Structures are given as structure tokens and as C-alpha cells.
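Here's a quick briefing to read alongside the structure. Take a look at the model first, then work through the points below.

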Amino acid sequence: MISLIGILVGVGASLLTDDSDSARTAKLQSDVATLNQMVALYLSDGGSLAGLTSPQAVLDKMKRTRPQSEWQQHAGDVSGRLLDVRLRARMTSQPDNSNNPRANWDRTKQRFVVNNATGNAVSEFYLDDSLAAADFGTETRGKSAYAFNSSSSGWVWGTSVSNSAADYLDPQPFSSPNPATGFNPDETTTASPSPPSDSSGGSGGGDGGGSGAPSQPTLALLPMPLISPLGGTFAFNSFPSSLTLSTGGAPDNVSALMYSVNGGAWQVYSGASIPVTPAMTLQVRNETTRPAEYATSRTNTQTYYRLTSGFSGTEQGAWGNAIGGANLVTSIQNSGTTSTFKSGNTKLDLGNGEYLDAGVENSLSFTPAAFGNIAPNTWFDFGAMQILNGTTFYNSEASGVTLSVNLNLTQPTVNVTTHVDLGLVSTTNTSDRLASADIVQLLNPTTDFTVNIDGVQYRLELQWVSLDPSSSVVQGNNLLVFEGANANVELRARFTSNY
């Protein structure tokens with residue numbers, strides 16, 4: 001036994017010391033599998049995740065409960081809540097250095113997926129105790145896929161059918177033309193007819209009622225109503241002011257056209273236009289008034305997002321957080337319009353107190369650009385960069401630096417600082433001009449800037465644009481500056497929306 005315990009402890013220790021990346025990946029895959037089961041339950045319970053693209057928005061939607069007035073008719077967990085209210089998704093803008101997989105919400109497939117795609121994604125799901133007392137509200141969902149009792153007063157395990165009273169002392173069929181004389185213990189069992197086979201190869205009569213048991217009638221499903229215009233993301237000047245509804249061809253006098261705004265109470269559509277507000281979610285269904293003949297339609301859900309009219313503001317840049325080798329030498333000037341960062345020792349020790357001074361260190365200068373009425377998802381000039389590839393010695397140049405840009409926006413009114421992380425790679429000089437070029441890496445092309453307007457989240461994205469191909473070239477997020485060149489570069493930006 002002691003030997004066995006020792007083996008188990010050894011196995012456990014090896015697991016604990018295994019690659020933490022593998023452990024995080026295994027946990028993420030397990031969490032995604034569990035969440036997809038919850039998504040399936042939520043959708044089958046009449047919930048809708050249409051129009052959602054943010055993983056956190058999907059989680060928060062499944063934290064809602066059903067109104068107490070629906071609990072009697074609800075087959076399943078009484079509240080209807082499927083997730084712990086503390087559950088949160090930790091978002092990252094890019095994969096880590098090991099390119100570990102992250103989770104995304106696939107709104108086409110209506111499920112979470114794990115992949116190595118770039119952009120915003122979930123690095124992990126975790127519990128935030130600060131949300132323990134949070135209330136995510138209630139929602140009235142569409143018709144559940146579960147079977148439930150249709151009686152207005154009974155519970156789901158009750159019955160809404162009243163059978164005629166049977167005489168258990170004389171178990172004979174009702175309305176039989178030849179009443180039985182009672183129980184006969186000597187009666188022989190007649191041969192049962194072969195059950196009819198269906199197209200799938202199974203046998204009929206699965207309800208135990210025998211070949212004479214009546215089958216349940218199939219109700220005609222009412223068509224899903226139509227909404228005009230459909231939901232989506234609209235430019236500021238194209239956002240609809242109102243909506244109209246139609247039954248989608250439902251027969252007359254068999255249903256009521258019902259709608260719900262932002263998960264509120266269902267109400268009868270009067271025929272008048274429905275006002276639209278940004279980030280509004282509208283649900284519509286044809287609710288049967290003749291349940292013996294027709295089933296309530298599926299729910300049509302549309303969400304309406306309005307992009308802001310434009311972004312305007314000014315900037316102020318400042319360099320800081322430089323890193324480099326053991327002999328790092330830096331010089332920073334953050335005053336005035338242009339901010340400048342220099343690094344490296346330009347003096348080569350020749351011995352005997354003599355030095356050769358190359359005189360030109362590596363240098364980066366940033367001059368911000370004001371901008372006005374920039375439409376979302378449109379590239380614009382964020383600022384001018386002047387980058388000098390100098391000559392330095394003794395591992396004294398910087399390998400990284402951060403440009404902090406204070407954004408003073410007037411439209412919308414917000415003041416926030418975003419950080420641009422740059423990697424600086426100094427290459428060995430050879431006869432190959434391109435291979436000898438120093439590299440300025442844009443490490444976070446999707447910055448930490450975010451702002452929410454009318455339910456839409458905007459992020460700031462950056463890219464390089466070389467203004468002089470003879471001094472620099474762009475390769476993705478890398479800017480290659482030729483040896484000895486003073487490159488003029490534009491730092492281009494855009495405010496991207498999540499819808």
C-alpha cells in the first residue's frame with residue numbers, strides 16, 4: 001500500500017509540474033464544452049442569442065431568469081437561470097507568445113469554439129465574486145421545446161385531461177357492444193398482430209397503448225412574423241426611426257401578433273409603428289388562439305445597433321517604460337508637440353582613452369494629429385513617426401518602449417490614455433540592405449482603448465504606413481527601417497465596432 005501511494009504521489013507531482021499552458025488549454029476546452037451544453041439548454045428553453053457577438057453578452061443573457069408568473073408552466077429549473085452570475089470571460093486582444101488557443105462565440109453556429117484566431121477572444125472563464133449579488137433581470141422566452149402542461153392552473157407534472165371514471169371491479173371497455181362477464185383466469189392469450197414497421201425500422205405502439213391507441217395529432221405551426229426593417233448595425237444617418245410588423249401569412253382569426261421590447265412583457269401589436277432606440281432588441285411571434293389546431297410560431301428576434309456619427313479629438317504623446325540590455329542608454333523628451341525617444345551608446349572604445357563617436361543613436365519621434373468626425377471602421381492619420389536607424393555599441397540600445405497617448409475626445413466626450421507597445425529589434429549589418437534593416441514591431445495593433453456608445457463597443461486599432469519606401473518598408477505589424485535611414489512613417493488608426 002505504501003508503495004502504491006508513492007506511485008500515485010509521483011504521478012500527481014508530474015501532472016502538477018506539467019506544462020501550465022497545456023493545463024490552461026484543457027480547462028478552456030472543458031469550460032467551452034460545458035458552456036455549449038448550457039447554450040443548447042437555453043435555446044431549447046425558448047431563449048434567443050441572435051445578434052450577440054460578445055462572449056460576455058452571451059453569458060449574461062443566460063444569467064437571466066423567467067418571470068415568476070411563468071414558473072408553473074416551465075419544465076425544468078424553476079428560475080430558468082442556467083449560469084452562475086459570477087461567471088465572466090477574460091478577454092485578450094491577441095494570442096499570447098505561445099499562441100495558446102482561445103475561445104470565441106460563433107454567432108452563426110450559436111456555440112463557443114476554441115481556436116488560434118487573432119483579434120479579441122476569451123483566454124479563460126473565471127468566477128468574479130464581486131458579481132455574487134448581481135441581478136441580471138428577467139426575460140419572457142419563446143415557446144420551450146420541452147413538453148409541458150397547457151392548463152393555466154396546473155403544474156408541469158399535472159394533467160389537463162379528465163378521463164371517464166372506470167369501474168375497477170368490472171374492468172370492461174367503455175361502450176362495448178358485448179360487455180365482458182368479468183375476469184376469467186382460464187382465458188388464453190390471443191396472438192398479437194405484428195406491429196407495423198416505420199421507415200426507420202422501429203416498431204409502432206411505443207406508448208404502450210397497443211395498435212389501437214390513437215396517435216397525437218400534429219398541430220400546424222404558425223408562420224414566423226416578419227419585421228421591417230430587419231435588425232443589424234446601421235450608420236448613424238441610416239438608423240431606422242420605427243418598425244412595422246406583419247403576421248407572415250398566418251391565417252385570419254387563429255392567432256395574435258405579439259411583440260416584446262428588450263425582454264419586457266409581451267403585448268398585442270396594434271398595427272401602429274414601433275419606435276426604435278439604439279441597442280433595442282425586438283421579439284415577435286404569432287401566438288395561437290386556437291391551441292387545438294395551431295401551434296405558436298417560432299420567435300423572430302432582431303437587434304438594432306446604431307454606429308456613432310463620428311469621432312473627434314486631439315492627442316498628446318509621451319514615451320516611457322524602456323527596456324534593453326545591461327548597458328542600456330536612453331534619452332526622453334516629452335515636452336512640446338513632438339515627443340522623442342533616443343537609445344544607445346554611439347561611442348566605440350578604441351583603447352588608450354581614445355573613442356570613435358558614430359554620433360547618431362537610434363531615435364523615435366511622435367507628432368500627434370488632430371482628427372474630426374471620423375466615421376467608425378474608417379482609417380485616419382493618428383500621428384507622424386520619424387524613426388532614425390543609428391549606430392550604437394555594447395548592447396546599449398533599447399529593445400522595447402511604450403508610447404502613451406492621451407486621447408482628449410470631444411465627440412464623444414471622453415478623456416482616456418491608450419498605450420502603444422513597440423518592440424525594437426537591432427539587426428546585424430550585412431551587405432543585404434533589407435536583412436540589415438532594424439525592426440520596429442507594433443506589439444498591440446489592437447490597443448487597450450475601449451468606449452461604449454449606444455450599446456456598441458469601439459476599440460482603437462493601429463497600423464504602419466511607410467511614407468518613403470526608400471527608407472522603410474512595412475511587413476504586417478513590422479516596420480523595417482534601413483541602416484542609417486531616417487524614415488518618415490504614418491501611424492494610422494481606426495475605431496472598430498464589435499457589431
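This is a predicted model: local features need pLDDT of at least 70, side-chain atom pairs count only at pLDDT 80 or more; totals for chains, interfaces and linings use all residues.

**Helix 2**
- Helix 2 runs over residues 20-44, so to speak a stretch of 25 residues, and spans 36 Å from its first C-alpha to its last, close to the 36 Å expected at 1.5 Å a residue.
- Its buried residues are Asp21, Thr25, Leu28, Val32, Leu35, Asn36, Met38, Val39 and Tyr42.
- Here's a handy bit of background: an α-helix has 3.6 residues a turn, so residues three or four places apart point the same way.
- The buried residues of helix 2 pack against helix 3 (55-61) and also against strand 1 (87-92), strand 2 (102-106), strand 3 (111-115) and strand 4 (121-127).
- After helix 2 comes Gly46, which has a positive phi, near 95°.

**Nonpolar cores**
- The largest nonpolar core has 63 residues, and Phe125, Phe382, Met385 and Leu422 touch the most other members.
- Apart from that core lies another, with 14 residues, including Phe234, Leu257, Ile274 and Val284.
- Setting aside neighbours within four places in sequence, Phe125 is in contact with Leu28, Val32 and Leu35, among others.

**Ile374**
- You'll find Ile374 in strand 21 (residues 371-374).
- Is Ile374 buried or exposed? It counts as buried, because its relative accessibility is 15%, and buried means under 20%.
- Ser309 is 65 residues from Ile374 in sequence, yet their C-alphas are 8.1 Å apart in space.
- Beyond neighbours within four places in sequence, Ile374 is in contact with Gly310, Phe311 and Phe380.

How values were computed: Residues are numbered from 1 along each chain as its sequence is written. Side-chain values use heavy atoms; hydrogens and water are left out. Helices (H or I, at least four residues) and strands (E, at least two) are DSSP runs, numbered from the N terminus. The expected span of a helix is 1.5 Å times one less than its number of residues. Buried means under 20% relative accessible area, exposed over 50%, partly exposed in between (1.4 Å probe, protein chains only). Contact means heavy atoms within 4.5 Å. A nonpolar core is a set of buried Ala, Val, Leu, Ile, Met, Phe, Trp, Tyr and Cys residues joined through side-chain atoms within 4.5 Å.
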